[in-house]
Amino acid sequence: MTRRVVVTGVGVVAPNGLGVPAFGQALREGRSGVRAVPRLGELRFGCQVAGVPEGVDALAATLFDADELLAMNSNHRFACVAAVEAWQDAGLPRPARGDDEVRWDTGAVLGTGIGGMDTIGERVVPLTDAGTLRRLGSTAVEQVMASGISARVAGLLALGNQVTSNSSACSTGTEAIVEGLERIRSGRAERMLCGGSEGASPYIWSGFDAMRVLARGSNDAPERASRPMSASACGFVPAAGAGVLVLESARERGAPIRAEVLGGAVNCGGHRRGGSMTAPNPDGVRRCIRAALGDARVLPNAVDAINGHLTATGADPREVQSWSAALERPPEAFPSITATKSLIGHALGAAGGIECVASVLMVQDGFVHPTINCEDVHPDIAPFAAAIPHTLRSAPDLRVLVKAGFGFGDVNACVVFEKWTA
């Protein structure tokens, strides 16, 4: 019999809310966390707005010792703050630094898309070029290596099972949850912290601005900049943060349960049939959704809501069409579909983690949060307009929600959440 896997804790560092209570309220209100970033103007970015979490350094100072903070760049701080919140939300005691007990049954898959680019850009490259290597300090490697975030969390929480960082572009956070699900199902772990994190840095975002895929048309109206499913969408808004879920075997310790993870899937479109490094193969997207539903043993007509990838680019209409084809649900029978990125921007490797936290909250409390800035629904999405909530949509009967992430490299990840029932 397959072990049931549940979510017992969530933690989040988001542009529109630091911590789960603030984030949950922002979701309900449809409140944006996108703001003007003066530094981007100074650097002559075309896009001069971003979703950057506020208040993280002050909170981190209350959670971690001074020497720990010195070894953390923004990516580490976001990941560690979210992980500690998720851990404590699950009712787990945080170990003291001098405690030698190791939790051999507990691990982590905490991914990042680009990682410690702020450390590389601000310290490693200039100090190396200047020949002043000694000024780098002893923690530079920890901060730039992709697995630094999972390793840092392992030390904070004494994790002794598999501890790793995955990196699959924008599908990273969602993929991490699928990996943790499979490890618990197989009996190789009892508990896994899963999600994603991404630092806040112009060095992370500059390449996307050079590609002209970032939103340039709303620098004077930041809250209007992120426009998934809109006819006037002009690119995604860069963002940062972290989202972490504690997954564990159901009933293992009688913890309160927020939602059940029914199943998931990951795949790649192989850069064929329209897929490439920067575009998804629609057949790969549909196959991933169907595989996740098959793994969850959920029929397409049982899906009550979708939290899409939906980045505010030209891929949005194709994504909605792929959902319709995969679920075999025409516009008149289409489930509610929302885009968390309309509220926070695109947090890259952290997107799936943050958006899965949003998904769990919606399943647990029976609502679908608004998608803002798409009053002018894209013409190709117009037949599905009734499925898009522009204001808070109460959904007391919501049971099954599907969350997906589709990333650069033509990689896909999809996870199915259900309201918990014993």
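Next I looked up which elements give two or more residues to the lining, and they are α11 (282-296), α12 (315-327) and β14 (400-407). The top contributor is α12, with five residues. My element names are DSSP runs numbered from the N terminus: helices are H or I with at least four residues, strands are E with at least two.

**Ground rules**

This is a predicted model, so I kept local features to pLDDT of at least 70 and side-chain atom pairs to pLDDT 80 or more, while totals for chains, interfaces and linings use all residues. Numbering runs from 1 along each chain as its sequence is written, and side-chain values use heavy atoms, with hydrogens and water left out.

**Strand β7**

I asked how many residues of β7 (191-198) are buried. Eight of the eight are, so the strand is largely enclosed by the rest of the structure. For burial I use relative accessible area: buried is under 20%, exposed is over 50%, and partly exposed is in between (1.4 Å probe, protein chains only).

In a regular strand, side chains alternate between the two faces of the sheet.

Then the neighbours, where two strands pair if DSSP finds at least two bridges between them. Strand β5 (106-111) runs parallel to β7 and is joined to it by six bridges, with G107 opposite M192. Strand β8 (241-249) pairs with β7 in the antiparallel sense over eight bridges; there, E198 faces G241.

**Strand β9**

Seven of its ten residues are buried, so I noted the strand as mostly covered. Strand β1 (5-14) runs antiparallel to β9 and is joined to it by three bridges, with V5 opposite V261. Strand β15 (411-418) pairs with β9 in the antiparallel sense over eight bridges, and G264 has V415 as its bridge partner there.

**Cysteines**

How many disulfides does the structure hold? I found zero, taking a disulfide as a pair of cysteine sulfur atoms within 2.5 Å. I looked into two cysteines to see why.

- The closest cysteine sulfur to that of C170 is in C268, 14 Å away, which is too far for a bond. C170 is buried at 10% relative accessibility.
- For C356 the closest cysteine sulfur is in C414, at 9.5 Å, again too far for a bond. C356 is buried at 0% relative accessibility.

**Two buried loop residues**

N73 sits in the loop between α4 (66-70) and α5 (74-89). Is N73 buried or exposed? At 6% relative accessibility, N73 counts as buried. Its side chain reaches the backbone oxygen of Q143 at 2.9 Å. I count a polar contact as a pair of N or O atoms within 3.5 Å; within protein, one must be able to donate a hydrogen and the other to accept it, and residues adjacent in sequence count only if both atoms are side-chain atoms. Leaving aside neighbours within four places in sequence, N73 is in contact (heavy atoms within 4.5 Å) with G116, D118, T119 and Q143.

L159 is in the loop between α8 (148-157) and β6 (163-164), and L159 is buried at 9%. Not counting residues up to four places away in sequence, L159 touches several residues, including W87, V102, R103 and L193. I also took one C-alpha to C-alpha distance: L159 and V360 are 24 Å apart in space and 201 residues apart in sequence.

**Positive phi**

I flagged two residues other than glycine with a positive phi. R212 has phi near 65 degrees and is found in the loop between α10 (202-211) and β8. R212 is exposed, with a relative accessible area of 60%. N373 has phi near 70 degrees and is found in the loop between β12 (367-368) and β13 (393-394). N373 is buried, at 3% relative accessibility.
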